[in-house]
Amino acid sequence: MTHVKTYRTNVRIGNWNEDLRLEEDAKREYLEKKERGELTAQKVDFLKQNILRPVNLTVTNDGWLHFGDVVMLVNMGGENRECSAVSINADINCLTKTPSPAIQAPCGVSAGSGIQACTRTAFIITSVDGSPDGSSLHFEQSFALKTTSGFARGLYLTSDLQSFEKCAKKSRLQEVSLEDGSSFLSWWKIVHFDPQERLEYEGHPVPANVKVLIIHCKTNRALAALGDQVLWTTYGKEYEVTAHTFLDSHKAEQDSNHWILCTSDPAGDGLLLLNHPPSAANNVELTQTDPGISI
C-alpha cells in the first residue's frame with residue numbers, strides 16, 4: 001500500500017466546480033457579446049468603418065469659398081508639427097446606437113496627420129446670418145462649421161472662455177469641441193493671415209485653398225494646432241486643437257494659427273492641396289488686382 005499513488009493529474013482539487021462554472025460563464029458572455037457586436041475590437045472596427053468613410057469635398061470653380069461648401073481645415077505644420085487636419089476625436093465611448101448609430105455630443109477634436117477627406121475631417125461652412133447656400137463667404141463674416149449629417153450628426157465646432165473646469169486637457173488653454181445645435185459659441189470668422197493686409201481685405205470674398213486665420217467670434221482667439229501637445233488617440237499620434245492666438249516678436253500670428261480651407265480639385269483628382277506643391281499652397285498671397293470684387 002505504501003507504493004499506491006493516492007493522487008493523479010486528473011484529480012480535481014480545490015473549488016474545481018466553481019472554477020469550471022466561471023469559465024463556462026465567461027465563454028458564454030464572450031459569445032453573446034460577439035453576437036451583439038459589443039466586443040471592444042468590434043466597436044473599434046465599426047467606429048473606423050463609419051468615421052473614415054470617404055466624403056466628397058466641394059469643387060469650387062470660381063476660386064472662392066461659399067456657404068454650404070464641404071471643406072477640410074488643414075494646418076501645414078511647423079518645426080515640431082506635421083501637416084494635419086482638424087478631425088473628430090471620437091472613441092468607442094462616444095458611440096450611440098439610438099435611434100441610429102452615430103457619435104454623441106459633446107465630442108472632442110484633434111489635429112490628425114491623415115489628410116484624407118472623410119466623415120472625420122469634413123466640415124460644412126454654415127450660415128448664421130441668413131446668407132443662402134452658394135453665396136460667397138467674406139472676410140470678417142460670421143459663420144459656423146459643422147460636421148456632415150448621418151454618422152457625424154451635424155455637430156458644431158464650438159468653443160468658450162477657458163475655466164478651471166472647462167479647458168483643453170493637455171495645454172489647459174481654451175477648449176474646442178463639437179456640440180449639438182448652433183449658438184454664438186459656434187460662430188467663427190476668417191481674417192487675412194497678414195496683419196498689415198487685414199483691413200484691406202475686410203468684406204472681400206475668401207479664396208479657397210489659401211492660408212488664413214480662423215477666429216472665434218466670442219473670445220476673439222484663433223484656432224490653433226499645438227505641436228508640443230501630443231494626443232494618442234484611436235487613430236494614432238495627433239495634436240491638440242485649441243482656440244489660442246500665438247504671436248511672434250512682430251505681433252503676427254504664428255504658423256500654428258494658419259489654416260487652409262481645402263476643397264476638391266476641379267479636375268476630379270482628389271484634394272486640391274495634395275495635387276500641388278505644399279509650398280505653393282502655403283505661400284499664396286492674396287493680391288487686390290480688382291478692388292471692385294463682388295459676389
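This is a predicted model: local features need pLDDT of at least 70, side-chain atom pairs count only at pLDDT 80 or more; totals for chains, interfaces and linings use all residues.

User: Why is L178 called buried?

Analyst: Buried means under 20% relative accessible area, exposed over 50%, and partly exposed in between (1.4 Å probe, protein chains only). L178 has 0% relative accessibility, so it counts as buried. You'll find L178 in strand β9 (residues 176-179). Its contacts, leaving out residues up to four places away in sequence, include I88, V109, F123 and Y156. L178 and V109 sit 69 residues apart in sequence, but 7.1 Å apart in space, C-alpha to C-alpha. Across the chain, buried residues make up 45% of the 295 residues.

User: What makes E23 and K27 a salt bridge?

Analyst: The rule asks for a side-chain nitrogen of Lys or Arg within 4 Å of a carboxyl oxygen of Asp or Glu. E23 and K27 come in at 3.7 Å, N to O, so they pass the 4 Å limit. Both lie in helix α1, four residues apart, about one turn of the helix. E23 has a relative accessible area of 44%, so it is partly exposed, while K27, at 52%, is exposed. By this rule the count comes to 12 salt bridges.

User: Which parts does the pair R120 and E238 tie together?

Analyst: Their side chains meet in a salt bridge at 2.8 Å, N to O. R120 lies in the loop between β5 (107-112) and β6 (123-127) and E238 in strand β13 (residues 236-243), so the pair ties together parts that are 118 residues apart in sequence. Both R120 and E238 are buried.

User: What makes a set of residues a nonpolar core?

Analyst: The set has to be buried Ala, Val, Leu, Ile, Met, Phe, Trp, Tyr and Cys residues joined through side-chain atoms within 4.5 Å. In the largest one here, with 43 residues, those touching the most other members are L65, L73, A90, I125, I190, L223 and L261. A second, separate core of 12 residues includes V70, A85, I115 and I260.

User: How do you know how the lining of the largest pocket splits by class?

Analyst: Ala, Val, Leu, Ile, Met, Phe, Trp, Tyr, Cys and Pro count as nonpolar, Asp, Glu, Lys and Arg as charged, and the others, Gly among them, as polar. That gives nine nonpolar, five polar and six charged residues. The lining has 20 residues, and N89, G108, V109, K169 and E175 lie nearest the pocket's centre. Elements giving two or more residues to this lining are β5, β9, β12 (223-233) and β13. As for the term, on a 1 Å grid over the protein atoms alone, using a 1.4 Å probe, a pocket is an open set of points with protein on both sides within 12 Å along at least five of seven lines, and lining residues have an atom within 4 Å of a point.

Methods:
Residues are numbered from 1 along each chain as its sequence is written. Side-chain values use heavy atoms; hydrogens and water are left out. Contact means heavy atoms within 4.5 Å.
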